[in-house]
Amino acid sequence: NLYIGAEAKAENDLARAIKKGNNLTADDAYIKAVIGIINQNAKAEVNVGVEDNESTGNLLQATGDLDIKSDTETKINSTVGVQADLDSMLNTAINIIGGDVSSKVNINDAIQGGNVNVTANHLSNGLQITANSAFAETDGDLVNINNTGAKTNAISNNIKKVKNFVQGFINKKNNSNNTSNAWDQYFDLGASITIDDITNNAEVNINPAADIKATGVNGSNNTPALNINAAIKIADKQIKTTSILGNKKATSALGVGAAVVIDNLTNNANVNITSNNDDKPQLISEAGDIVIASKIDDSYKRFDNMSFTQKINPTNYPNVYVYSGVVKDIGDIVVATGTVGIQNINNNSNVNIGAGAVISANNKVDISATSIVGNALGAGKVGLPSNYNSNGIGGSVGVQNTNTNSKVTIANDVQIIGGQIDINANNDVKNVGVVISGTKTSSLGITGMVSYMGGTSNAEVAVDDDAD
């Protein structure tokens, strides 16, 4: 047997907290801010032949099974917080996560083996993000973090950098060069903010001169005999952002706080079998099935990944949970709070078979593109401890935009030969949004809630009229 592979793993753990009583200098005695930033990158790539889609003209042959794999695996655990302190006027906790992952296999030469597996895989093995601008002494994950010291000047400078960083995320998603400071209000008035922007790519490229044959000779009994697969799996994801306004200074007749989550996730899984005027790849299995597949699995897995004690707390069930409110003993001052949760999920799963390619099995040919999304968002007060109140003016907004595209494209003059031929494009989308109305007060109450789900789901098989 012959194995050729590349692996890349990236794991980032970040924990930052400012504890109770750790105020800054006298001039800024009632302001606390903590900032966490992770920018994660992972890349694994296998090239058989020469890079840039060039063939050496050689044959890579295994007397037994031939496995060619690219695997990436990532994990992020980031927690930032400011401990609840009634003497602190403006608490700000900011958590910024960026990620760019690529797992790729390029086959440029002819290859042969008993069974042949060509796969590019990515596993997101945990994404845990927490931002809390007023954590309590019972919040063990934050209490156990060592105190993060900070000076006024350092915080001012860092907040300026983070404002620019956040604006960059927004501009990227909106394809805009807008430089307005619309987001400054959240930083300047006290807030918990989480923004993540992660792109995962898994790609297999079978290039024009790359004939592939599974002979069955000395091969294992595993089926399929010839397997070409690009896959992305999101094992679990949880983002929790909480902002509790707790200032009761006599000079404060008005308080403002916000909790904001912007969750951007893009997954691209692609299998490309390409041709040109000189070369048309032939994929042949002499002893079993051929499977060509792209798959994205971002199904809901929160319940399976929680311990028994975690299941008691309803805020652990959503993939994204965001809440803003006030502390009970803040009194009857007017408080404005806002809760905003926005998710943008884009999945693209594609199999592309170029003109003139030949796919031949002595049994079954299975070609598929699949995208699975299962997601839950919660915005508003759900099962919080009794020391949190809901006085003030506020609103809760939950927005889920999900775009899933699964497509199999078979070009002209492609030949597909087999005892059974299945070609499928599949989407499975299950989203749940729970948005609870904003806050109230004994003397003045203005509340509201908005829940919006939108997006597109396209599953398409496009076979050229001249394909056989």
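Predicted model: local features only at pLDDT ≥ 70, side-chain atom pairs only at ≥ 80, totals over all residues.
Residues are numbered from 1 along each chain as its sequence is written, and side-chain values use heavy atoms, with hydrogens and water left out.

**Serine contact**
- S70 sits in strand β4, residues 66-83. Strands (E, at least two residues) are DSSP runs numbered from the N terminus.
- S70 counts as buried because its relative accessibility is 0%. Buried means under 20% relative accessible area, exposed over 50%, and partly exposed in between (1.4 Å probe, protein chains only).

**Salt bridges**
- The whole structure holds nine salt bridges. Each is a side-chain nitrogen of Lys or Arg within 4 Å of a carboxyl oxygen of Asp or Glu.
- K237 pairs with D263, with the closest N and O atoms 2.8 Å apart. K237 is in strand β11 (237-245) and D263 in strand β12 (254-273), 26 residues apart. Both residues are buried.
- D422 and K364 meet at 3.5 Å, N to O. D422 lies in β22 and K364 in β18 (364-379), so this bridge ties together parts 58 residues apart in sequence. D422 is partly exposed at 23% relative accessibility, and K364 is partly exposed at 25%.
- E460 bridges to K407, with the closest N and O atoms 3.8 Å apart. E460 belongs to β23 and K407 to β20 (393-410), so parts 53 residues apart in sequence are tied together. E460 is partly exposed at 39%; K407 is partly exposed at 31%.

**Surface patches**
- Patch members have over 30% relative accessible area and no salt bridge; like charges are joined within 9 Å, nonpolar side chains (Val, Leu, Ile, Met, Phe, Trp, Tyr) within 5 Å.
- D413, D464, D465, D466 and D468 gather in a negatively charged surface patch. D466 falls in the segment after β23 (446-463). At 47% relative accessibility, D466 is partly exposed.
- V432, V434 and I436 form a nonpolar surface patch, together with about 210 Å² of accessible area. Areas come from the Shrake-Rupley method with a 1.4 Å probe. I436 lies in the loop between β22 (420-435) and β23, and is partly exposed at 32%.

How values were computed
Lys, Arg positive; Asp, Glu negative; His and termini not counted. Charge placed at Lys NZ, Arg CZ, Asp CG, Glu CD. Helix = DSSP H or I, 4+ residues; strand = E, 2+ residues; numbered from the N terminus.
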